[in-house]
Amino acid sequence: MTPSADLDPVIHAQARLRVVAALSALPPGDHMTFPYLQKVLDMTAGNLSVHLGKLEEARYVEITKTHQGRRPVTYVALTSRGRAAFDDYTAAIRALLDGAAVTEHP
């Protein structure tokens, strides 16, 4: 098995990794609004929507649409499954980098 085989392909895409990393900075159970996440990541609404859809399909994020008064609001939160997947992903990256450091100095 190669080290890259352990990397979650859902998270490994750069845009989705940025989304999951931003959401993982929140305490468990907390959320961000879609516009704030879009601003933090400097992504277009369409691009962010596509990547959130893939993360939602994997059940890594939860998207809640509601209203504040008459204004629609969309909240995005990392699920416990998404947080665990991100923890596994970062552990796999660390193991990969640690292995690369060992092989640099034979």
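Strands β2 and β3 form a hairpin with 2 residues between them, and G69 in the turn has a positive phi of about 70°. Helices (H or I, at least four residues) and strands (E, at least two) are DSSP runs, numbered from the N terminus. The model is predicted: local features need pLDDT of at least 70, side-chain atom pairs count only at pLDDT 80 or more, and totals for chains, interfaces and linings use all residues. Residues are numbered from 1 along each chain as its sequence is written, and side-chain values use heavy atoms, with hydrogens and water left out.

Strand β2 (residues 61–68) pairs with β3 in the antiparallel sense over 8 bridges, pairing being assigned if DSSP finds at least two bridges between two strands. Within this pair, E62 has A77 of β3 as its bridge partner. Strand β1 (residues 32–33) also runs antiparallel to β3, joined by 2 bridges; here T33 is partnered by Y75.

Residues up to four places away in sequence aside, L23 touches M32, L37, V61, V76, A77, L78 and R83, contact meaning heavy atoms within 4.5 Å.
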